[in-house]
Amino acid sequence: MATSTSLKRNANHLSATAVNSKKSKTNSSITSFFGAPKPKNGDSNRAMSSSSSTFNKEKWVASLTPEQKDLLQLEIDTLDESWLAQLKDEVTTPEFLALKRFLKQEKKSGVKIFPPENEIYSWSRHTPLHKVKVVIVGQDPYHNHNQAHGLAFSVRPPTPAPPSLVNIYKGIKNDYPYFQAPPNKGGLLTPWAERGVLLLNTCLTVRAHQANSHSGKGWERFTQKAIDIVARVRRNGVVFLAWGTPAGKRVSGINKEKHCVLQSVHPSPLSASRGFFTCGHFKKCNDWLSERYGAGEIIDWSLSPASKNALPIEKNPSSSDTPTVQRKEQKLDAAKAAKTAVDEFEGDDIDVLEAFAATEKAEEKGSKVEIETK
């Protein structure tokens, strides 16, 4: 509990600049952003989430059968109520209950599962449904010790940022040159989650050291439902960032007239040089949010307290590094990473490799040749 409190306090500190900018924008409150119904009888909760005014958690739990209560205790205890109100019917489907029976059997057999049980739904608590502005779709949780904690791409200290996350940092720096990666090679993305960035993996659990070991068990249906709920409930529009072919499939049904959908190759070292670094997603995301809701609603991508706020900074026209030079350096970095960090790849990277083999074979071959000749 103390760790969770300190994390939230740190996230609030890191986002102070963004909060101050919100105060100067009178028409960019959470209510105006999400277009929630106006409060009635002074009930401000209705302005935050219409589901909270109709969902009676205690009554719903009482309606469950004894087996359902047993299987769904984790959801009852740890899934944020804003999400549970929308997912209550899904968690009682035969498919989800079968998933929970499978996980119960895994636990009973002594299998080590990541992330820790109480963190499987941490994404829902750090980013309640009514606060979602951006959705980043991940793949499999990291499958080694002291890595996964329920947020896609994120790792707790002292674990260093995995290769894909390092490349995400490079992508942000390309959009905002003064962005600084966290000290000590940190990879904790809780501040983003607290600011409205939903970091959602397609599968929410994995066996230790066995990538994709819980794929096809039911998580995909559940997390797709969560994505669809965001698209439906956040009716004024949010930004979806889908990196890699599997993530692209997850957002294929999103209404692109209502929402902003940005797709690119995955930030894995084996693919990032093929367009991720220069896709401009982080700035495009903020440009869209600013245009639709005002400058006060953009995402502060900074993660280091000592860094300058990445948001308002444009490329320095006096910089000696031309875009061509930057691209060459990025490709060299990606080539080195691909050669030295293969054994560090996690589940999300493996999924991407499989997708390349099936859908982008020719282009992938060209990238490998380029890497080998440099």
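The largest cavity in this predicted model has a volume of about 80 Å³. A cavity here is a set of points, on a 1 Å grid over the protein atoms alone, where a 1.4 Å probe fits but cannot get out. Its volume is the space filled by probe spheres set on the points, which are joined across faces, edges and corners. The count comes to 1 cavity of 30 Å³ or more. The largest cavity is lined by 13 residues, and Pro115, Pro141, Gly150, Leu151 and Asn201 are the closest to its centre. Lining residues have an atom within 4 Å of a point.

Strands (E, at least two residues) and helices (H or I, at least four) are DSSP runs, numbered from the N terminus. Strand S2 (residues 134-138) runs parallel to S3, joined by 5 bridges; strands pair if DSSP finds at least two. Gly138 has Asn201 as its bridge partner in S3.

Trp123 touches this region too. Beyond its neighbours within four places in sequence, Trp123 contacts (heavy atoms within 4.5 Å) residues including Leu198, Leu199 and Leu200 of the chain, along with Gly150 and Leu151. Trp123 is also among the residues that touch the most other members of the largest nonpolar core, which has 86 residues. Such a core is a set of buried Ala, Val, Leu, Ile, Met, Phe, Trp, Tyr and Cys residues joined through side-chain atoms within 4.5 Å. Helix H13 (residues 219-233) gives the largest share of this core, 8 residues.

What aromatic pairs does the structure hold? A search of the whole structure finds 17. Rings of Phe, Tyr and Trp (its six-membered ring) pair if their centres lie within 6.5 Å; planes under 30 degrees apart are stacked, over 60 edge-to-face, the rest tilted. Trp288 and Tyr293 are edge-to-face, at 6.2 Å centre to centre and 70° between the planes. Trp288 is buried at 16% relative accessibility, and Tyr293 at 9%. Ring pairs also link Phe153, Trp192, Trp243, Phe276, Phe277, Phe282 and Trp301 into a cluster.

Residues are numbered from 1 along each chain as its sequence is written. Local features need pLDDT of at least 70 and side-chain atom pairs 80 or more, totals for chains, interfaces and linings use all residues, and side-chain values use heavy atoms, without hydrogens or water.

Terms used
Buried < 20%, exposed > 50% of the residue type's maximum accessible area, 1.4 Å probe, protein only. 1 Å grid on protein atoms, 1.4 Å probe; cavity = no way out; pocket = protein on both sides within 12 Å on 5 of 7 lines; lining within 4 Å.
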